[in-house]
Amino acid sequence: MLQTLYDYFWWERLWLPVNLTWADLEDRDGRVYAKASDLYVTLPLALLFLIVRYFFELYVATPLAALLNVKEKTRLRAPPNATLEHFYLTGGKHPKQAEVELLSRQSGLSGRQVERWFRRRRNQDRPSLLKKFREASWRFTFYLIAFIAGMAVIVDKPWFYDMKQVWEGYPIQSTIPSQYWYYMIELSFYWSLLFSIASDVKRKDFKEQIIHHVATIILISFSWFANYIRAGTLIMALHDSSDYLLESAKMFNYAGWKNTCNNIFIVFAIVFIITRLVILPFWILHCTVVYPLELYPAFFGYYFFNSMMGVLQMLHIFWAYLILRMAHKFITGKQVEDERSDREETESSEGEEATGGGGAKSRALANGHPILNNNHRKND
């Protein structure tokens, strides 16, 4: 049964154009071709990335945060209360008014004190500013290095300038060591992001991020063993071109450097729009959708690859909409915030705290791309 499924999965008609077989991609005459077994190395490499990240955040990002004067806001802790804690863990973090009144009777606290307790308890669970800074620092470092390495891999290749050459001789296209390591490192990094997503700062576009990571892993993996490597290197470098700008803007945002953050964000927005909404659909997708049909009939792998590219493009449009909305706020002079993050809920005044007055109620926030907030003392 398993052998049958294995044979069907690797059936040449699924992954290769007509009249070609896996035997055509076997190494010979000094020419090396991509193989699915090459991808096994990415799982231990992903674990290595997690180890490297731990030490990077500890010995590089943390001292850098201190150098940039990244300061934590003092958070008031919720006093121990078994009744409220039990509801918080089992009933929800945002009790409704009727539930607040019931909890008030059960705990002997006033309604405002119950609301304040939940507000403080929610703040306790929010990631610290230092955690956010360290995470942004790690991603900035990787994306910047990956972008430079990616450009070094493709800038001297003829298909970088003439995309029709992406398909010249396909799929009988041998690989070179630089392409191999570029692929393995990129795929390993996205595996590490998927492994750590539960412990990383959880944004309100959590589901979209999972979809993005999974689609990226599938695309990179498929493009490797189906030998879409030339197109794959172009796509990966294109994505890395704006990601490091975003992470650097977030770093300066957490450090309170508002003008620097805003200026980098503007550059990021321009690069994102150009690369994801212009170059990707009108050059890259045109290259992967139109040019192959000039050489061979469409097959399952062709439809599969371009369908996954379509998923990524839809995410890009979703995030670009939020970026443009933030750009409008820049123009109109409104405050810019990271719409993916929950706000830090603050107390209204120390006097109210002493007398049992309630603070600001939590407000629902929209989902979105990591667009930046410039007031980290009040917000994420």
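Arg53, Glu57, Glu135, Arg139 and Asp200 are linked in a network of salt bridges. A salt bridge here is a side-chain nitrogen of Lys or Arg within 4 Å of a carboxyl oxygen of Asp or Glu. The model is predicted; local features need pLDDT of at least 70, side-chain atom pairs count only at pLDDT 80 or more, and totals for chains, interfaces and linings use all residues. Residues are numbered from 1 along each chain as its sequence is written, and side-chain values use heavy atoms, with hydrogens and water left out.

Ten salt bridges are counted by this rule. Asp200 lies in the loop between H8 and H9, so its pairing with Arg53 in helix H3 ties together parts that are 147 residues apart in sequence.

Buried means under 20% relative accessible area, exposed over 50%, and partly exposed in between (1.4 Å probe, protein chains only). Arg53 counts as buried because its relative accessibility is 9%. Glu57 is buried at 14%, and Asp200 is buried at 7%. Glu135 is buried as well.

The protein chain has 13 helices and zero strands. Helices (H or I, at least four residues) and strands (E, at least two) are DSSP runs, numbered from the N terminus. Of the 380 residues, 47% count as buried. Contact means heavy atoms within 4.5 Å. Among contacts with a separation of 6 or more, 82% join residues 24 or more positions apart.

The unreviewed UniProt entry annotates "transmembrane region" at residues 45–68, 140–160, 210–229, 264–284 and 304–324. Such annotations may be inferred rather than shown by experiment. In the model, residues 264–284 are 100% helix, with end C-alpha atoms 26 Å apart. Residues 304–324 are also 100% helix, and their end C-alpha atoms lie 30 Å apart.

The largest nonpolar core has 66 residues, and Trp167 and Tyr228 have the most contacts inside it. Such a core is a set of buried Ala, Val, Leu, Ile, Met, Phe, Trp, Tyr and Cys residues joined through side-chain atoms within 4.5 Å. Helices that each supply at least two residues of this core include H3 (42–67), H7 (129–154) and H12 (300–332). Beyond four places in sequence, Trp167 touches Gln173, Tyr228, Cys287, Thr288, Tyr291, Pro292, Leu295 and Tyr296. His212 is found in helix H9 and is buried at 10% relative accessibility. Beyond four places in sequence, His212 touches Tyr190, Leu312, Leu315 and Trp319.

The accessible surface comes to about 19,000 Å², of which 63% belongs to carbon and sulfur atoms. Areas come from the Shrake-Rupley method with a 1.4 Å probe. Leu48, Ile51, Val52, Tyr54, Phe55, Leu58, Tyr59 and Val60 make a nonpolar surface patch of about 790 Å². Patch residues have over 30% relative accessible area and no salt bridge; like charges are joined within 9 Å, nonpolar side chains (Val, Leu, Ile, Met, Phe, Trp, Tyr) within 5 Å. Val60 belongs to helix H3 and is partly exposed at 41% relative accessibility.
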